Amino acid sequence: MLRGRWLGRVRYRDAAALQRGLFDNSADDHLLLLEHPHVFTLGARGTTEHLRCDPDEVGAELVHTDRGGDITYHGPGQLVGYPILTLDRPGAMADTVAYVRSVEQLLIDALAEIGLTDVGRLDDYPGVWVGPDSADPRKIAAIGVRLTRGRTMHGFALNVEPDLAWFDRIVPCGIEDKAVTSVRAEGSSATMREIVDVVWRLAAARWGADGAERTDLAWRQRPDDLAAFTRDRGLGEAPAAASGSVRL
């Protein structure tokens, strides 16, 4: 069973702790959909070389993670998805690359449904791109995963309508010569909730062979709203960095 949850706005460390709890204790598959407050995250082998600001001075956290890849940014207006899937079941994807391609295709298909059709993969670069065959490819989604014992953690970050100026404070994913964009900057008026609905429907079709159900725990009504467990009693620290991760 694939169980989907919209969690609202959740601190990165709390979401990481929730992922770990589901990874360790749930036999079901899950897709957590949420936003984060401003945070810069570093992959297991990442350094602060590509961080161009003091996080404290701009009101952001800096968190080391156990995913692969370099530095990235998460914040309001960005849809973050954490699939926690078992891939070693009969008929499941056989390897990490196949799984990453599945996540990429999920986002490509979702963007096409909201009217962004010139979207795809860019050779030798990670993520999902607008205008991949043009002279000006623009990154609209980052993907970073970790696969351990046939089970996934981490996932994707789709820029719906974040403040793109935040990406100027880092070298996103270590890529210096490519722009970052968003659904809104590319001319789509689709709302976060509409995009969540599309992503969930496509994910249920792709990963929910044994059934799927979705429960929304919170929908943000004010810009400063946080999910209850983040606001009142954070779940704890992110897991320590570990090997076996891939960022694409």
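Student: Two strands pair if DSSP finds at least two bridges between them, so which residue in β11 is the bridge partner of R138?

Tutor: In β11 that partner is A179, and β9 and β11 pair in the parallel sense over two bridges. Helices (H or I, at least four residues) and strands (E, at least two) are DSSP runs, numbered from the N terminus. This is a predicted model, in which local features need pLDDT of at least 70 and side-chain atom pairs count only at pLDDT 80 or more, while totals for chains, interfaces and linings use all residues. Residues are numbered from 1 along each chain as its sequence is written, and side-chain values use heavy atoms, with hydrogens and water left out.

Student: What else does β9 pair with, and over how many bridges?

Tutor: Strand β8 (residues 128–130) runs antiparallel to β9 and pairs with it over three bridges, with W129 bridged to K139 in β9. Eight bridges join β9 to β10, again in the antiparallel sense, and there G144 stands opposite G155 in β10. The hairpin of β9 and β10 has two residues between the strands, and R149 takes a positive phi near 55 degrees in this hairpin.

Student: How many of the residues of β9 are buried?

Tutor: Ten of the eleven residues of β9 (residues 138–148) are buried, so this strand is largely enclosed by the rest of the structure. Buried means under 20% relative accessible area, exposed means over 50%, and partly exposed lies in between (1.4 Å probe, protein chains only). For the chain as a whole, buried residues make up 54% of its 248 residues.

Student: New topic: what is the order of the open sheet of three strands?

Tutor: The order is β4-β3-β5, with mixed pairing. Strands β4 (61–64) and β5 (71–74) stand at the edges with a single partner strand each, so one side of each is left without a neighbour in the sheet. Neighbouring strands are turned by 25 degrees against each other on average, direction ignored; axes here are lines fitted to C-alpha atoms, for helices over the stretch in contact, and angles run from 0 to 180 degrees between N-to-C directions.

Student: Which helix packs on the sheet?

Tutor: Helix α1 (residues 12–25) does, touching β3, β4 and β5, and its direction makes about 30 degrees with that of β4. Contact means heavy atoms within 4.5 Å.

Student: And what is the geometry of the aromatic pair of F40 and Y73?

Tutor: The structure holds six aromatic pairs, and F40 and Y73 form a tilted one, at 5.9 Å centre to centre with 50 degrees between the planes. Since F40 lies in strand β3 and Y73 in strand β5, the pair ties together parts that are 33 residues apart in sequence. Rings of Phe, Tyr and Trp (its six-membered ring) pair if their centres lie within 6.5 Å, and planes under 30 degrees apart count as stacked, over 60 as edge-to-face and the rest as tilted.

Student: What about Y73 and F167?

Tutor: Y73 and F167 form an edge-to-face pair, at 5.3 Å centre to centre and 85 degrees between the planes. That pair links distant parts of the chain, with Y73 in strand β5 and F167 in the loop between β10 (151–159) and β11 (179–180), 94 residues apart. Both Y73 and F167 are buried, and F40, Y73, W166 and F167 form one aromatic cluster.

Terms used: Pairing = 2+ DSSP bridges.
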